[in-house]
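Please look at the sequence and the model before reading on.

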Amino acid sequence: MAKEMIKIEKLNKSFGPLHVLKNIDMTVTESDVVCLIGASGSGKSTLLRCINFLEFKESGKIFLEGEEIDPDKVNLNEHRQRIGMVFQHFNLFPHKTVLENVMEAPVQLRKQTKEEARKSGLELLAKVGLSDKETEYPSRLSGGQKQRVAIARALAMKPDVMLFDEPTSALDPELVGEVLATMKELAEEGMTMVVVTHEMGFAREVADWVVYMHDGRIVEVGPPEKLFGNPQEERTQQFLDTVLS
């Protein structure tokens with residue numbers, strides 16, 4: 001039986017009077033690729049940020065590899081090191097080279113030597129197809145290249161799970177493919193991934209299962225061929241008619 005990596009029970013989150021997540025239940029097992037789809041404002045990104053405790057839930061439980069993550073009892077910085085996160089915007093250090101960006105967290109947080117961090121940083125840049133950019137600064141990279149550096153930087157912490165929050169939405173259309181190809185490779189290598197995306201082709205091709213969210217709730221969950229090909233909920237069908245037409 002596959003190992004549970006993330007388990008969420010009855011998760012609720014509000015911002016003031018706005019109830020953003022409503023009784024969310026979700027389980028992600030090892031090597032799963034889960035795509036969260038839905039209109040903007042449906043709660044997808046907030047759900048990712050709650051998993052990583054960048055936002056704090058009102059109620060419910062979050063487990064990582066069987067351990068309940070209680071912010072009052074757990075070192076959240078250590079918890080976050082087990083979960084890599086890639087955002088819409090790359091947040092690279094502009095004054096550091098590509099390689100220095102990838103080396104920074106392992107040296108500062110994992111206490112790797114600079115030599116160890118450099119060796120693994122070069123391997124990761126090769127993995128995301130950027131071996132020739134190690135000495136460049138972010139200002140000289142395209143958006144797609146910056147996002148691939150951000151993926152390498154997240155992987156440098158050797159996370160158990162990767163979260164992607166609309167990683168291609170800030171990119172020009174012709175640059176989207178190179179980032180999705182990198183993510184596809186990670187999926188093929190067995191990385192456990194939860195991806196908020198508007199790229200339905202990626203969700204259809206790479207996801208093990210797809211979660212459709214609307215108005216803070218999970219409306220429908222299923223393997224992509226079923227959810228895209230034969231959705232059971234009218235709300236899901238309406239959404240797909242809009243985005244696929």
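In helix α3, the buried residues are V98, L99, N101, V102, M103, A105, P106 and V107; buried means under 20% relative accessible area, exposed over 50%, and partly exposed in between, with a 1.4 Å probe and protein chains only. Eight of the eleven residues of α3 are thus buried, so the helix is largely enclosed by the rest of the structure. These buried residues pack against α4 (114–127) and α5. Helices (H or I, at least four residues) and strands (E, at least two) are DSSP runs, numbered from the N terminus.

The model is a predicted one: local features need pLDDT of at least 70, side-chain atom pairs count only at pLDDT 80 or more, and totals for chains, interfaces and linings use all residues. Residues are numbered from 1 along each chain as its sequence is written, and side-chain values use heavy atoms, with hydrogens and water left out.

## Two helix pairs

Two packed helices are described by the angle between their axes and the distance between the axes. Helix α3 (residues 98–108) packs with helix α5 (residues 143–155) at an angle of about 30 degrees, and their axes are 8 Å apart. Axes are lines fitted to C-alpha atoms, for helices over the stretch in contact, and angles run from 0 to 180 degrees between N-to-C directions. The angle makes α3 roughly parallel to α5; angles under 35 degrees count as roughly parallel, over 145 as roughly antiparallel, 65 to 115 as roughly perpendicular and the rest as oblique. The crossing of α3 and α5 is right-handed, a term used if the near helix is turned clockwise from the far one by less than a right angle, with left-handed for anticlockwise. From α3, V98, N101 and V102 make the contact, and from α5, V149, A152 and R153; contact means heavy atoms within 4.5 Å. By class, the contact of α3 with α5 has four nonpolar residues, one polar and one charged. Ala, Val, Leu, Ile, Met, Phe, Trp, Tyr, Cys and Pro count as nonpolar, Asp, Glu, Lys and Arg as charged, and the others, Gly among them, as polar.

Helix α5 also packs with α6, at an angle of about 20 degrees and with the axes 8 Å apart. That angle makes α5 roughly parallel to α6. The crossing of α5 and α6 is right-handed. On the α5 side, G143, G144, Q145, Q147, R148, I151 and L155 meet L175, E178, V179, T182, M183 and L186 of α6. Six nonpolar, five polar and two charged residues form the contact of α5 with α6.

## The sheet and strand β7

Six strands form an open sheet in the order β6-β7-β8-β3-β9-β10, with mixed pairing. Two strands pair if DSSP finds at least two bridges between them. At the edges are β6 and β10 (217–222), each of which pairs on one side only. On average, neighbouring strands of this sheet are turned by 20 degrees against each other, direction ignored.

Strand β7 (residues 161–165) has five of its five residues buried, so it is largely enclosed by the rest of the structure. In a regular strand the side chains alternate between the two faces of the sheet. Both faces of β7 are covered, with V161, L163 and D165 buried on one side and M162 and F164 on the other. Strand β6 (residues 83–86) runs parallel to β7 and is joined to it by four bridges, and I83 stands opposite V161 in β7. Strand β8 (residues 192–196) pairs with β7 in the parallel sense over five bridges. M162 stands opposite M193 in β8, and the bridge partner of F164 in β8 is V195.

## Helices on the sheet

Helix α1 (residues 44–51) packs on the sheet, where it touches β3 (33–37), β6, β7, β8 and β9 (209–214); its direction makes about 150 degrees with that of β7. Helix α6 (residues 173–188) also packs on the sheet, touching β3, β7 and β8, and its direction makes about 145 degrees with that of β8.

Six of the eight residues of α1 are buried, which leaves the helix mostly covered. They are K44, T46, L47, L48, C50 and I51. After α1 comes F53, whose phi is positive, near 55 degrees.

## Residue T27

T27 lies in strand β2 (residues 18–29) and, at 29% relative accessibility, counts as partly exposed. T27 and E4 are 23 residues apart in sequence and 7.0 Å apart in space, C-alpha to C-alpha. Not counting residues up to four places away in sequence, T27 touches E4, I6, K7 and W209.
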